[in-house]
Amino acid sequence: MGGEPLVEIGRTAALEAEWARCRWIWNECVARSEKAHAEDDKCGPARLDKMLTEARTANAWLREGGSTGDFSSIQNLRYAFKDAAKHGVTVLASSGDGGATNTTADGDGDYPYKVNSWPSSDPLVTSVGGTQLHLDDDGDRIAPDSVYNDDGAGGGGQSHVFARPSYQDGVKQVVGDRRGTPDISMSAAVNGGAWVYSSYDPKAVGWEVYVGTSEASPLFAGIAALADQVAGHRLGDIHQALYALYAQSAQNPSTGIVDVRDGTNNSYSGVTGYTAVKGYDMATGVGTIDAARFVPALAKEG
């Protein structure tokens, strides 16, 4: 009997341990969110992040899951995204809830300078940032969307790993020679979160308010799925189509791309972020969408 099965067993055990940590974190977040909701308290990404950081500090088992990566480790993980692109699968990722910064590697706080979030920074991944909706009690807009920045802020910035992809050549005056995020943004603010029915944890089945870019990315996933259906085929990597539509959007509202340019920003945790201005910016990307127009436009362009 060779050694390879033992290696695989070791890997399986490690993966099972990581999965157990993921389940614990999920269940703890759900429990804390439910408690806050029951007490009519505020519980957004920043508070949950602080809670998990404290739990990791106090629990050696959770700390065992932490690791310090480097750029090569990110490059080595790209095989999944390459395979997805090859098979026509659209890959999305949340741009993060730390504005222009993010949580430190040890989970003990935020970096005091600008960093970018992976995997949304990968050029094969559509990075989804966050907006704040302004609605009346009937759900009608009373003001244009602004940048998500209440208990957390939409992530965005320049990648330190990836160079500017060709589809961002049209916004090189903003992103420079690096990959810039986000690409597009959807509702993410704590004030205006989405009610979601969850049955993942059989002990905590029910309705919960989901917020942050972890709300925004699934929202846009639904939009991409609708565009697939309209097109009659998988659109795959949508970057070329998205930025082609953006290039037309200022003169052609039928693209469904809606610029976010009210001057709000994603500054967070003492780190100055980016401001929502006319055109592409690293606060909301190309902006947000009018789904009724964007879905058929993306289906046609893709």
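Colleague: Which residue forms a salt bridge with Asp-122, and how far apart are the closest N and O atoms?

Modeller: A salt bridge is a side-chain nitrogen of Lys or Arg within 4 Å of a carboxyl oxygen of Asp or Glu. Asp-122 pairs this way with Arg-78, the closest N and O atoms being 2.7 Å apart. Asp-122 lies in the loop between β1 (92-94) and β2 (126-132), and Arg-78 in the loop between α4 (71-76) and α5 (79-86), so the pair ties together parts that are 44 residues apart in sequence. Helices (H or I, at least four residues) and strands (E, at least two) are DSSP runs, numbered from the N terminus.

This is a predicted model: local features need pLDDT of at least 70, side-chain atom pairs count only at pLDDT 80 or more, and totals for chains, interfaces and linings use all residues. Residues are numbered from 1 along each chain as its sequence is written, and side-chain values use heavy atoms, with hydrogens and water left out.

Colleague: Are Asp-122 and Arg-78 buried or exposed?

Modeller: Buried means under 20% relative accessible area, exposed over 50%, partly exposed in between (1.4 Å probe, protein chains only). Asp-122 counts as buried because its relative accessibility is 0%. Arg-78, at 13%, is buried too.

Colleague: How many salt bridges does a search of the whole structure find?

Modeller: The search finds 5. Among them, Asp-183 meets Arg-179 at 2.8 Å, N to O. Asp-183 is buried at 0% relative accessibility, and Arg-179 is buried at 0%. Another joins Asp-145 and Arg-141, with the closest N and O atoms 3.1 Å apart. Here Asp-145 is buried at 6%, whereas Arg-141 is exposed at 52%.

Colleague: Now the cavities. How many of 30 Å³ or more does a search find?

Modeller: Rolling a probe the size of a water molecule over the atoms shows where empty space is left. On a 1 Å grid over the protein atoms alone, a cavity is a set of points where a 1.4 Å probe fits but cannot get out; lining residues have an atom within 4 Å of a point. Grid points are joined across faces, edges and corners, and a volume is the space filled by probe spheres set on the points. The search finds 1 cavity of 30 Å³ or more. The largest cavity has a volume of about 50 Å³.

Colleague: Which residues line the largest cavity?

Modeller: The lining includes Ser-95, Asn-102, Val-115, Gly-155 and Thr-181.

Key
1 Å grid on protein atoms, 1.4 Å probe; cavity = no way out; pocket = protein on both sides within 12 Å on 5 of 7 lines; lining within 4 Å.
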